[in-house]
Amino acid sequence: MFLQSYVGPVCTFIINQNSEAEIQRLFGTAFFINSKGAFMTAAHVLRQAIQQAEEGGLTVGIIAKGEGGKSPKSVFAAVSAYSYAPKPHDVAIGQSAYSGERYFVCEDIRGVTAPWLDVYTFGYPLDAANGKLYNLRCHKGYIQRLTRPGDVLGDHPDGFELSFAPSRGLSGAPLVVEYHGKQAVIGVCVSSIASETVDYSDLYINDDGKEYRELAKRVTEYGFAHAILPLLDWKPASFSGLTVNEIFTN
């Protein structure tokens, strides 16, 4: 199986005269959470894709690998239904026309999620694109900080500050930890944050009145993911009363 069988770029596309799908734009990354085409992504990724699709008469879909992930040929799985998680979660769940093996699990492992825990993600950054060919990129690091509402600027739920900064296009990618031999999803990557602090600043004025300034700045970049474990009991309207936990195992 290809990694692209489990994680795919969220794109808008049209069907040309040869019945082939033509990609129009990449919006982010989605990941499949069961064998029947259910997926998760960042809510802002899906909203932007749907808005452009409605304005331009396009279709929103996820690019994956054919034959249930066994073929290197890419296929387009159209999004047929979706729901947005309760605010302030930047998380969406949807249904697509795709089927393949289940790779990710979702287990309540809040008791072991802590700083220094090794995590990874993979998705489709814009700066790795080659024309309309979107290349997969992987990141591996650790949780720097567990965040709670109010710890981060803006309106956020529980989340994770990461030691790596996912670039544009990786919004919606899964945050994964290996747990008892399983690939357990604990969050959805939603943003990268950069902070700048002044380490040293000094001003010199010489005898003829000219000013010379010394300035040293520190730029820190890190990633941010929203936790999905608090959403395990959420019942998305587009899934007929199933909880998120049940969708993962459906």
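This is a predicted model: local features need pLDDT of at least 70, side-chain atom pairs count only at pLDDT 80 or more; totals for chains, interfaces and linings use all residues.

Modeller: Residues are numbered from 1 along each chain as its sequence is written, and side-chain values use heavy atoms, with hydrogens and water left out.

Colleague: How many helices and strands are in the protein chain?

Modeller: Helices (H or I, at least four residues) and strands (E, at least two) are DSSP runs, numbered from the N terminus. Counted that way, the protein chain has three helices and 13 strands.

Colleague: What share of the residues in the protein chain is buried?

Modeller: Here buried means under 20% relative accessible area, exposed means over 50%, and partly exposed is in between, with a 1.4 Å probe and protein chains only. Of the 250 residues in the protein chain, the buried share is 47%.

Colleague: Which residue forms a salt bridge with lysine 182, and which parts does the pair tie together?

Modeller: A salt bridge is a side-chain nitrogen of Lys or Arg within 4 Å of a carboxyl oxygen of Asp or Glu, and the structure holds two. Lysine 182 lies in strand β12 (residues 182-205) and glutamate 107 in the loop between β7 (104-105) and β8 (118-123), so the pair ties together parts that are 75 residues apart in sequence. Lysine 182 is partly exposed at 41% relative accessible area, and also partly exposed, at 23%, is glutamate 107.

Colleague: In the salt bridge of arginine 145 with glutamate 161, is glutamate 161 buried or exposed?

Modeller: The closest N and O atoms of arginine 145 and glutamate 161 are 2.9 Å apart. Arginine 145 lies in strand β9 (residues 137-147) and glutamate 161 in strand β10 (residues 159-162), so the pair ties together parts that are 16 residues apart in sequence. Arginine 145 is partly exposed, with a relative accessible area of 31%. With a relative accessible area of 11%, glutamate 161 is buried.

Colleague: Where does proline 88 lie, and which residues does proline 88 touch?

Modeller: Proline 88 lies in the loop between β5 (74-84) and β6 (92-96), and at 27% relative accessibility it counts as partly exposed. Its C-alpha atom is separated by 5.4 Å from that of histidine 156, 68 residues apart along the chain. Taking contact as heavy atoms within 4.5 Å, and not counting residues up to four places away in sequence, proline 88 touches Asp155, His156, Pro157 and His226.

Colleague: Is the peptide bond from lysine 87 to proline 88 cis or trans?

Modeller: Most peptide bonds are trans. From lysine 87 to proline 88, however, omega is near 10°, and the bond is cis.

Colleague: What is the phi of tryptophan 116, and what is the phi of histidine 180?

Modeller: Most residues other than glycine have a negative phi. Tryptophan 116 is in the loop between β7 and β8 and counts as exposed at 66% relative accessibility, while histidine 180 is in the loop between β11 (174-179) and β12 and counts as exposed at 68%. Phi is positive in both: near 80° for tryptophan 116, and about 55° for histidine 180.
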